[in-house]
Amino acid sequence: MSANSQFTVMVHILTVLAATPVPVSSAAIADSVNTNPVTIRKAISKLRAAGLVNTIPGSNGGATLRKDARQISLADILDIVKEDCLGKHANPPNPNCPVGGNIQKVMLNIHKELDDSITETLAKRSINDIWEEIQATF
């Protein structure tokens, strides 16, 4: 899964879990997302590590929300993926180049400003809000 889609896929997963009162298998979530169950399991692993979901093993198992959907803000999800989206170069730039030697410092300032703005906006929305908006389209 590309870094650019992780946020949206995680919102999708959590919204499916908010809409379903029983554990949901990675296969069922993958069907909704239209992706491979392995991709979903990797995302669920990150969501579990962040304390947002529980997983139940076995044939009747699956994932469930660990918190009420109203308590999971979109900013919580951004915190999980932002290093992949707003990180540094994969390889250090050439320090002897005027651009390469200074780009990281400049970009980190821009990323902080952007991160603060995005976080402020996303903190106002919860997974429950997403689920309610979806329900309003029925």
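This is a predicted model: local features need pLDDT of at least 70, side-chain atom pairs count only at pLDDT 80 or more; totals for chains, interfaces and linings use all residues.

Biologist: Which residue in S2 is the bridge partner of Val53?
Modeller: S1 and S2 form a hairpin with five residues between them. The turn contains Gly58, whose phi is positive, about 105°. Within this pairing, the S2 residue that bridges to Val53 is Leu65.

Biologist: In what order do the elements of the protein chain run from the N terminus on?
Modeller: The protein chain has six helices and two strands. Its C-alpha trace spans about 60 × 30 × 25 Å along the principal axes. Read from the N terminus, the order is α-α-α-β-β-α-α-α.

Biologist: Which residues of helix H2 are buried, and what arc do they cover around the axis?
Modeller: Helix H2 comprises residues 26-33, and its buried residues are Ser26, Ile29, Ala30 and Val33. These residues lie on the same side of H2, because the arc they cover around the axis is only 105°.

Biologist: Is Ser26 buried or exposed?
Modeller: Ser26 lies in helix H2. Not counting residues up to four places away in sequence, Ser26 touches Pro37, Ile40 and Arg41. The cut-off for a buried residue is under 20% relative accessible area. Ser26 has 15%, so the class is buried.

Biologist: How are H2 and helix H3 oriented, roughly parallel or roughly perpendicular?
Modeller: Helix H3 spans residues 37-49, and H2 packs against H3 with the axes 8 Å apart and at an angle of about 105°. Angles of 65 to 115 degrees share one class, so H2 and H3 are roughly perpendicular.

Biologist: Which residues of H3 meet those of H2?
Modeller: From H2, the residues involved are Ser26, Ala27, Ile29, Ala30 and Val33. Their counterparts in H3 are Pro37, Ile40, Arg41 and Ile44.

Biologist: What is the separation of the C-alpha atoms of Val11 and Asn34?
Modeller: Val11 lies in helix H1, residues 3-19. Asn34 follows H2 and has a positive phi, near 65°. Val11 and Asn34 are 23 residues apart along the chain, and their C-alpha atoms are separated by 14 Å.

Biologist: With which residues is Val11 in contact, leaving aside its neighbours within four places in sequence?
Modeller: Val11 has a relative accessibility of 11% and therefore counts as buried. Beyond its sequence neighbours within four places, the contacts of Val11 are Leu74, Ile77, Ile127 and Ile130.

Biologist: Among contacts between residues at least 6 apart in sequence, what percentage joins residues at least 24 apart?
Modeller: The protein chain has 138 residues, of which 33% count as buried. Among its contacts between residues at least 6 apart in sequence, the share that joins residues at least 24 apart is 63%.

Biologist: How is the pair of Trp131 and Phe138 classed, stacked or edge-to-face?
Modeller: The count comes to one aromatic pair. The ring centres of Trp131 and Phe138 are 6.2 Å apart and the planes stand at 75°, so the class is edge-to-face.

Biologist: Is Phe138 buried or exposed?
Modeller: The cut-off for an exposed residue is over 50% relative accessible area. Phe138 has a relative accessibility of 73%, so this residue counts as exposed.

Notes. Residues are numbered from 1 along each chain as its sequence is written. Side-chain values use heavy atoms; hydrogens and water are left out. Rings of Phe, Tyr and Trp (its six-membered ring) pair if their centres lie within 6.5 Å; planes under 30 degrees apart count as stacked, over 60 as edge-to-face and the rest as tilted. Buried means under 20% relative accessible area, exposed over 50%, partly exposed in between (1.4 Å probe, protein chains only). Two strands pair if DSSP finds at least two bridges between them. Helices (H or I, at least four residues) and strands (E, at least two) are DSSP runs, numbered from the N terminus. The arc is that of the directions from the helix axis to the C-beta atoms. Axes are lines fitted to C-alpha atoms, for helices over the stretch in contact, and angles run from 0 to 180 degrees between N-to-C directions. Angles under 35 degrees count as roughly parallel, over 145 as roughly antiparallel, 65 to 115 as roughly perpendicular and the rest as oblique. Contact means heavy atoms within 4.5 Å.
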